[in-house]
Amino acid sequence: MITTLFVANRGEIARRIFRTCRELGISTATGYSDADAGAPHTREADAAVHLPGNAPADTYLRADLLVKAALACGADAVHPGYGFLSENPDFARAVIDAGLTWVGPPPAAIAVMASKTRAKELMAGAGVPLLALVRPEEATEADLPLLVKAAAGGGGRGMRLVRELAALPEEMKAASVEAASAFGDGEVFAEPYVERGRHVEVQILADAHGTVWTLGTRDCSLQRRHQKVIEEAPAPELPDALRAALHEAAAQAATAIDYRGAGTVEFLVSPQGRGYFLEVNTRLQVEHPVTECVHGLDLVAWQLRVAEGHPLPATPPEPTGHAVEARLYAEDPARDWQPQTGLVRRFDLGPTTPTGPGQPLPPAGLRVDSGFGAGDTISPHYDPMLAKVIAWAPTRAEAVRRLAHALERARLHGPVTNRDLLVRALRHPRFQAADLDTGFLDRHLTELTGSAPGEAGEVEELGASEESGRAEGPGGPGGTGVRLAALAAALADGCGRSRFGGTRYGGAWRNVPSQPQTRSYRSEPDGTEHEVRYRLTRAGLDADGLPGVRLLSATRDQVVLDVAGVRRTLAVSAYEDGTVYVDTPPPAAGPPGQPTAYALTPLPRFPDPSARSEPGSLLAPMPGTVIRLADVAEGDAVRAGQPLLWLEAMKMEHKITAPASGTLTALRAVPGQQVEVGALLAVVSD
């Protein structure tokens with residue numbers, strides 16, 4: 001029996017495993033890096049051991065340090081979570097050699113599947129349909145497009161889509177560098193890329209007594225940078241024959257490698273309905289909660305029971321209903337998915353499941369697995385995923401609606417997230433019709449990140465007609481929604497400084513409150529500026545550009561407006577650095593998926609001249625490490641968009657390009673250099 005479990009991981013998955021351990025009466029232990037000294041998983045573990053350093057290669061990828069930490073905590077078992085060393089056979093052997101129980105498949109099974117190239121060879125011999133590998137040196141135009149992939153690991157790291165043959169060598173090199181950094185193995189390979197293919201997988205669970213469960217299918221087609229964003233179970237709109245074939249192939253794969261524990265067999269399904277084997281993930285998947293919700297079981301609990309030698313029942317529980325999961329990332333989808341860092345000020349996802357993962361069907365039907373909370377800091381060293389939000393309902397349509405509703409009403413203050421993109425994707429007609437493929441987000445990115453119909457542009461006479469009432473929405477630059485948010489911020493800021501008509505009203509200090517009040521804000525993260533100009537008269541609020549808006553009440557934390565006859569309550573939160581967050585309910589009418597939160601920075605009356613940077617300056621868009629430079633030198637002519645260097649941040653490689661065409665007059669970056677946001681990397685002069 002396991003009494004103390006060491007989780008060789010961090011963040012959300014460590015906390016999720018801890019939750020099951022608490023239910024089973026198992027003590028918990030973990031390791032933590034310098035950056036994670038105050039992280040939730042470090043605080044929640046019964047015991048935690050310091051792993052000096054920040055980089056994964058120095059901490060969570062150090063098998064020797066992790067085994068020593070587990071022994072120091074008195075653990076008798078190790079759970080690897082996902083990512084890091086979860087699919088490293090040498091780590092599994094080291095754990096076993098140290099006399100600890102390994103909560104995972106046998107090292108031999110991990111080893112045979114650790115390399116996707118060797119796994120494909122094995123599956124080909126077993127008659128499992130798969131895509132043939134393409135030798136890069138022999139590739140021709142007829143082989144395009146190609147997908148370059150890391151032989152070890154997953155999660156989209158070390159993966160590149162190649163549509164031009166000339167780009168193949170550079171993309172192979174870049175994928176290898178990223179794979180080596182993420183997994184300690186730089187081997188990559190190329191295979192045909194199936195246009196509009198679906199990513200469908202089968203959850204397996206096997207014991208040491210010959211029983212193999214296939215726990216239905218999951219669709220994980222909505223991806224960015226080949227990393228999953230929205231997953232669901234069961235995979236919708238699959239023909240029964242194909243679903244049965246995938247189940248059978250998954251069971252055969254598990255039997256062929258004498259698999260034990262939880263794992264996932266992944267397939268690529270073509271538009272013609274053919275399924276091709278991709279890989280076996282010999283670990284717990286990030287998206288495992290949707291399977292738990294549908295089948296009413298706790299996969300982590302079963303991992304632990306299997307590791308203890310207990311047999312599985314002869315048949316798995318029957319599925320019920322539908323579950324959808326969205327990964328909430330600290331990133332800006334409108335800016336090439338740029339990861340975000342910083343302090344999480346507020347992290348309120350509303351009422352969620354009060355029970356554990358083994359009881360996944362509460363009346364609320366909503367579950368949150370998070371790695372962060374209010375007061376935590378997102379570092380640049382690890383994956384930017386903040387949480388997974390999972391909704392269950394009797395039908396797919398209800399589950400999708402429930403998840404979108406929960407995300408829309410979340411109050412998230414701090415770094416930019418992909419929340420609005422998730423809501424819009426869930427409410428997109430194509431998604432709701434289950435018209436899914438791995439290119440969905442890329443193909444619809446503009447409409448998922450830009451202004452929704454009816455948002456853009458000024459509303460000249462807000463409230464003058466029913467049509468203008470429907471147009472009330474968040475808006476892009478100059479849009480009505482952000483102007484309403486700025487107005488609410490100004491009114492809340494002035495509360496307590498003046499009174500008029502028995503209600504606290506806001507604005508800059510004036511001896512005569514009926515005189516015009518003016519405030520300016522910068523909307524984050526787009527940087528657009530908005531000026532609020534209003535008066536408080538005996539007839540009520542008179543706001544420039546918002547003639548149909550009436551003020552009902554205001555306090556420092558809440559402003560209630562009448563907008564075209566509809567009462568709207570805006571929650572206002574101001575923080576010490578001056579940033580103001582305004583959360584609004586979705587409009588009663590208008591396009592679905594409109595943003596309901598705004599981050600505003602008050603602008604000083606006079607700009608700070610020291611804040612200016614030299615024209616043509618290329619500043620670091622995020623904290624990270626310079627991993628390599630392009631073949632350029634000071635004095636070279638460069639063109640706009642030309643790659644100059646690459647940064648590694650949050651386990652992903654980011655290409656930094658010239659901001660304009662001209663001459664590279666300064667190159668301040670060097671490989672291995674740690675840079676902060678706004679650090680000067682280079683200067684391109686006309």
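Two strands pair if DSSP finds at least two bridges between them. Helices (H or I, at least four residues) and strands (E, at least two) are themselves DSSP runs, numbered from the N terminus. The structure is a predicted model, in which local features need pLDDT of at least 70 and side-chain atom pairs count only at pLDDT 80 or more, while totals for chains, interfaces and linings use all residues. Residues are numbered from 1 along each chain as its sequence is written, and side-chain values use heavy atoms, with hydrogens and water left out.

The chain as a whole comes next. It has 17 helices and 40 strands. Of its 686 residues, 56% count as buried; buried means under 20% relative accessible area, exposed means over 50%, and partly exposed lies in between (1.4 Å probe, protein chains only). Contact means heavy atoms within 4.5 Å. Among contacts between residues at least 6 apart in sequence, 62% join residues at least 24 apart.

One part of the chain holds an open sheet of 5 strands, in the order β3-β2-β1-β4-β5, with parallel pairing. The edges are taken by β3 (47–50) and β5 (101–102); each has a single partner strand, so one side of each is left without a neighbour in the sheet. Inside this sheet, strand β1 (residues 4–7) and strand β2 (residues 27–32) run parallel and are joined by 4 bridges. Threonine 4 has serine 27 in β2 as its bridge partner.

Helices also pack against each other. Helix α3 (residues 63–72) and helix α4 (residues 89–97) have axes that come within 10 Å and cross at roughly 30°. Axes here are lines fitted to C-alpha atoms, for helices over the stretch in contact, and angles run from 0 to 180 degrees between N-to-C directions. Angles under 35 degrees count as roughly parallel, over 145 as roughly antiparallel, 65 to 115 as roughly perpendicular and the rest as oblique. α3 and α4 are therefore roughly parallel to each other. Their contact is made by Ala63, Leu66 and Val67 of α3 and Phe91, Ala94 and Val95 of α4. By class, this contact has 6 nonpolar, no polar and no charged residues. In this classing, Ala, Val, Leu, Ile, Met, Phe, Trp, Tyr, Cys and Pro count as nonpolar, Asp, Glu, Lys and Arg as charged, and the others, Gly among them, as polar.

α4 has another partner, helix α5 (residues 107–114). These two pack at an angle of about 170°, with their axes 8 Å apart, and are therefore roughly antiparallel to each other. Pro89, Ala92, Arg93 and Ile96 of α4 meet Pro107, Ile110, Ala111 and Ala114 of α5. The residues of this contact divide into 7 nonpolar, no polar and 1 charged.

Where does alanine 175 lie? Its place is in helix α7 (residues 168–183), and the residue is buried, with a relative accessible area of 0%. Leaving aside neighbours within four places in sequence, alanine 175 is in contact with Val148, Gly158, Arg160 and Val188. The C-alpha atoms of alanine 175 and valine 188 are separated by 7.0 Å, and the two residues are 13 apart along the chain.

Further along is strand β14 (residues 322–329). In β14, 8 of the 8 residues are buried, so the strand is largely enclosed by the rest of the structure. His322, Val324, Ala326 and Leu328 point one way, while Ala323, Glu325, Arg327 and Tyr329 point the other way. β14 pairs with strand β11 (residues 227–233) in the antiparallel sense over 4 bridges, and alanine 233 has alanine 323 as its bridge partner. β14 is also joined by 8 bridges to strand β21 (residues 385–393), again antiparallel; here histidine 322 stands opposite alanine 393.

The peptide bond from alanine 233 to proline 234 is cis, with omega near -5°. Most residues other than glycine have a negative phi, and most peptide bonds are trans. Proline 234 lies in the loop between β11 and α8 (240–256).

The last stop is an open sheet of 8 strands, in the order β27-β26-β25-β32-β31-β30-β29-β28, with antiparallel pairing. At its edges stand β27 (540–543) and β28 (549–554), each with a single partner strand, so one side of each is left without a neighbour in the sheet. The twist averages 35° from one strand to the next. β27 pairs with strand β26 (residues 529–537) in the antiparallel sense over 4 bridges.
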